[in-house]
Amino acid sequence: MKQELVVEAKWISTARFNRVYSVYQVLPGPEATELACYFGYLAGGRFGAFLGGLGFLLPGFSALLLISYLYVNYGLDSPVVKRSFSAIQIAVSAMIFRATHKLSEGALLTAKKELDWDKGFYCLFCFLTSVINLNFFIALAVCGVMNTIVHHGEWIPHRHLLNAFIAACTLGFYVLYTQLHSVPSGSLVGGDAGTSTAIGTSLNNLFVLGLIAGLVTFGGAYTTLPFIYTTAVETGKWLTPQQFLDAVAITNMLPTPLVTFVTLVGYIGHRVEGAVIMTIGIFLPAFSFTIIGHDFFQAVVDNKYVEPFLDGISAAVIGLLLFTAFQFLNNVLVNPIDAVVFLLAFVSLFYFTNKYTAPLVLIVAAIAGQVLYK
């Protein structure tokens, strides 16, 4: 987009592009989709924004919808396919760890590439709250408030100690609550969320789940994984960990934003209608931010109180993602061969940063699976 529309066509200046991109990096939602909507807005107003985003998504969505049909109706019953996907799922787990590391560089490090201890604390706090099953909306909100106190609480003596006290109280009250009642289910959506029917969850629940995931996408598409995983796999139990990893793997090999993996998830939940409605839900924030008005949201992001609150949430999401990565690892590592595949995939992803590395790792894993898993 930058090369064709900024450098060559000169729709906007490079400086303007950088400012626009920085806004969409802070706002939730996949930045590439938001930029497609933004350039569409420049060309044809709000309707142009809608068409720009739609054109960007349609090819990948169409391909994934077809693959979803084949996956759900014919599955991976072939022994040949099963062997490949056994290795692919391990490679995807390595990709999630690599993505967590990469995202943490932007969320937890200072401009001098040093660890921001406050944000590291939020990350650790969110990881621990995930271990004890505290609702992550509460954890994210607490981290946002704590970071706001750090940045705008100069008048508060010992504000770092105050944050530690807030974190301790949050954990303490939750432990007390679980002792008096029981551990909450942690479901994201109300009604019959997390319950299974003959064809999956309701369209309403799938839309809300997709919408929530779209609203908490900070810094990269991988940050959606904890939210979908918690509700669909852990709480709802209508999606297996293997199906989840398959969806991420398949989407990684297609020319589409990674968050489009919810198309396959939605198809498993409620066939074609579920795939469409969940995809609409996760991309609705990205479309809305541009259609409502880029300048308005730039003003919101530049607000001195909003920015540190969102930064605190971004750091906390890394803790959620790290916890989810360990859960995936627990599901896929069964024997020493699995550990070797994981390490090789992770090292490859870590040292080779070319944009083709991820799909190549998946292809190599698929081939290796034929040899390693008999």
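Ground rules, quickly. Residues count from 1 along each chain as its sequence is written. In this predicted model, local features need pLDDT of at least 70, side-chain atom pairs count only at pLDDT 80 or more, totals for chains, interfaces and linings use all residues, and side-chain values use heavy atoms, with hydrogens and water left out.

Cysteines, then. There are zero disulfides here, a disulfide being a pair of cysteine sulfur atoms within 2.5 Å. Take Cys123: the nearest cysteine sulfur belongs to Cys126, 7.8 Å away. For Cys126, the nearest is that of Cys143, at 4.9 Å. Cys123 is buried at 10% relative accessible area; Cys126 is buried at 0%. Buried means under 20% relative accessible area, exposed over 50%, partly exposed in between, with a 1.4 Å probe and protein chains only.

Now the rings. How many aromatic pairs does the structure hold? It holds 20. Rings of Phe, Tyr and Trp (its six-membered ring) pair if their centres lie within 6.5 Å; planes under 30 degrees apart are stacked, over 60 edge-to-face, the rest tilted.

Phe127 and Phe323 are edge-to-face, 5.9 Å centre to centre, 80 degrees between the planes. Phe127 sits in helix 5 (residues 117-131) and Phe323 in helix 12 (residues 306-332), so this pair ties together parts 196 residues apart in sequence. Helices are DSSP runs of H or I, at least four residues, and strands are runs of E, at least two, numbered from the N terminus. Phe323 is buried, at 18%.

Both rings also belong to a cluster linked by ring pairs: Phe97, Phe127, Phe323, Phe326, Phe342, Phe346, Phe350 and Tyr351.
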